[in-house]
Amino acid sequence: MLEQFQKYFNKLGYDKQTLIQERVYPIIKNHDSVLGLSPTGSGKTVAFLIPSIEILEPEGGSQLLIIEPSQELAIQTAKVARNWANLRGMKVLALTGGANIKRQMERLKKHPEVIVGTAGRIKNLIDDKKLKTHLFSTIIIDEADDLLQGETLTTVRDIVSSMMSDVQLEFFSATATPILDQLSGWFGNRDIQKVDVRAEDKTQGHVEHGMMNVLRKNRNKMLARLQHVAGFKALVFFNQTVDLNKTYSFFVHNHYQGVAKLTSDQNQTKRQKAMDDFRLGRIKLLLTTDVAARGLDIAKLPAVVNYDLPDEAIDYVHRVGRTGRMGEDGMVINFGDDHDLRDLKNLLSDYDFDFQPSYFYKNKIVKSVPKTAEKVVEVVEKTTNNDKPSKDESTKPHVKKVKKQVVSNPAPKKRVKKNKHTKNKGMRNKWRKNNNKHN
């Protein structure tokens, strides 16, 4: 490692390289192609950035291209890359969809050594001949298991084929998919060395996986209650954007604070603001879909909530990988009924996750509750969304308290309301009697 890189590495508080960083470093420095597999939160970004930037030539034009699956991850990686590139006087440019493409074209004219972007925007700029490819010596495909499927696989292959034949390829992922064992065939019969440290890596902290039995109609209320747990902050995952928007509307309508959303249909400015506010602790709940499930590094994130349980095991792995990173402890809360939670256990039977019951009790998340409190917890779980909070209670946990009434006096008999005809009946009888006497 270069001397200035080593000093910055130590300044960041790292004592030594993680397994993936140590194993891929000599391979990348030797300009060989590599596939790196390591758990979430094990330092893959730094693993490919340090050696890849070290072999670049300052003022040598655009030489390193990093492809990311989302705007958020591209911006995050570009920010980290900029810190390392600045140590060698190099420039970094982010090319993402949703940003001003004319401004990006102008910045390309300054020939940044490192370019980070999403596959679609990079491909468009190459096709329009705005991004020259003849100087690129290295391409990094981050979150390769996600990018190398469907339409993006074709897009990535087109980008690679537009480069020189000897371009170095680096693939990184936290999970393995079949295509990662066939990379040589898909990318020109190259010799790609595989480095898999998933079984050896111990960088992840202790993460508790809680199963919270909550019916769908009660989940918004439970999310509101979770905000009262001390130090609680969570990414909340949904399967569908339409359901996410309904929950977000619930919080806005009931004047809850500390909630934001992050969806693919938002513009880049709103998405970036949501991420910044969440990282800075201005909001406690960030509602999102799997757009935020991959690669995002949120320092010391306490929890992840699965409002909707994922359909694929690989999605669960990436979602829960946002917490418990780099030795920090974390928590996962899975919402569902008995059937949902049982299916989740079956889905993840091949993984080493220890699922435990989880309850909300006295503004805490606990594994069990005292028997004397079981009825109160039951009442909480049965509270429906039809019970709207008052203005004074909008930020308080909504617990229905069942009080036993003490009757000291018997209740008065209910007074029967008489109609007009019944009310005057007695007077009519008196009038008739008087008339008969006079006659």
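In which sense of crossing, right-handed or left-handed, does α10 pass α11? The legends below take up this question and then turn to other parts of the model, which is a predicted one.

**Figure 1. Overview of the predicted protein model.** The secondary structure of this protein comprises 17 helices together with 16 strands. The protein has 439 residues, and 48% of them are buried.

**Figure 2. Close-up of the packing of helix α10 with helix α11.** Helix α10 covers residues 219–226 and helix α11 covers residues 241–253, and the two pack at an angle of about 60° with their axes 10 Å apart. Because of this angle, α10 is oblique to α11. The crossing in which α10 passes α11 is right-handed, which settles the opening question. On the α10 side the contact involves N220, K221, L223 and A224, and these residues meet T247, F250 and F251 on the α11 side. Sorted by class, the residues in the contact of α10 with α11 are 4 nonpolar, 2 polar and 1 charged.

Figure 3. Although H255 is not a glycine, its phi is positive, at about 60°. With a relative accessible area of 55%, H255 is exposed.

**Figure 4. Close-up of the packing of helix α3 with helix α4.** Helix α4 is formed by residues 71–85, and α3 packs with α4 at an angle of about 40°, their axes lying 10 Å apart. The two helices, α3 and α4, are therefore oblique to each other. As α3 passes α4, the crossing is right-handed. From α3 the residues T45, V46, F48, L49, I50 and I53 take part in the contact, while α4 supplies T77, V80, A81, W84 and A85. By class, the contact of α3 with α4 consists of 9 nonpolar and 2 polar residues, with no charged residue among them.

Figure 5. When neighbours within four places in sequence are left aside, K44 is in contact with I20, S38, P39, F172, S173 and A174. K44 and V24 are separated by 20 residues in sequence, and their C-alpha atoms are 9.7 Å apart in space. For E54, with its neighbours within four places in sequence again set aside, the contacts are M1, L2, F5, Y25, K29 and R88.

Figure 6. E59 has its place in the loop between α3, residues 44–54, and β2, residues 64–68. The phi of E59 is near 60°, which is a positive value in a residue other than glycine. Its relative accessible area is 75%, and E59 is thus exposed.

Figure 7. The relative accessible area of I101 is 29%, and the residue is partly exposed. Leaving out neighbours within four places in sequence, I101 is in contact with R121 and L125. Between I101 and R121 there are 20 positions of separation in sequence, and the distance from C-alpha to C-alpha is 8.7 Å.

Figure 8. Helix α13 is made up of residues 313–320, and H318 lies in it. At a relative accessibility of 1%, H318 counts as buried. In sequence H318 and R294 are 24 residues apart, and in space the two are 5.7 Å apart, taken from C-alpha to C-alpha.

Technical notes
Residues are numbered from 1 along each chain as its sequence is written. This is a predicted model: local features need pLDDT of at least 70, side-chain atom pairs count only at pLDDT 80 or more; totals for chains, interfaces and linings use all residues. Side-chain values use heavy atoms; hydrogens and water are left out. Axes are lines fitted to C-alpha atoms, for helices over the stretch in contact, and angles run from 0 to 180 degrees between N-to-C directions. Helices (H or I, at least four residues) and strands (E, at least two) are DSSP runs, numbered from the N terminus. Angles under 35 degrees count as roughly parallel, over 145 as roughly antiparallel, 65 to 115 as roughly perpendicular and the rest as oblique. A crossing is left-handed if the near helix is turned anticlockwise from the far one by less than a right angle, and right-handed if clockwise. Contact means heavy atoms within 4.5 Å. Ala, Val, Leu, Ile, Met, Phe, Trp, Tyr, Cys and Pro count as nonpolar, Asp, Glu, Lys and Arg as charged, and the others, Gly among them, as polar. Buried means under 20% relative accessible area, exposed over 50%, partly exposed in between (1.4 Å probe, protein chains only).
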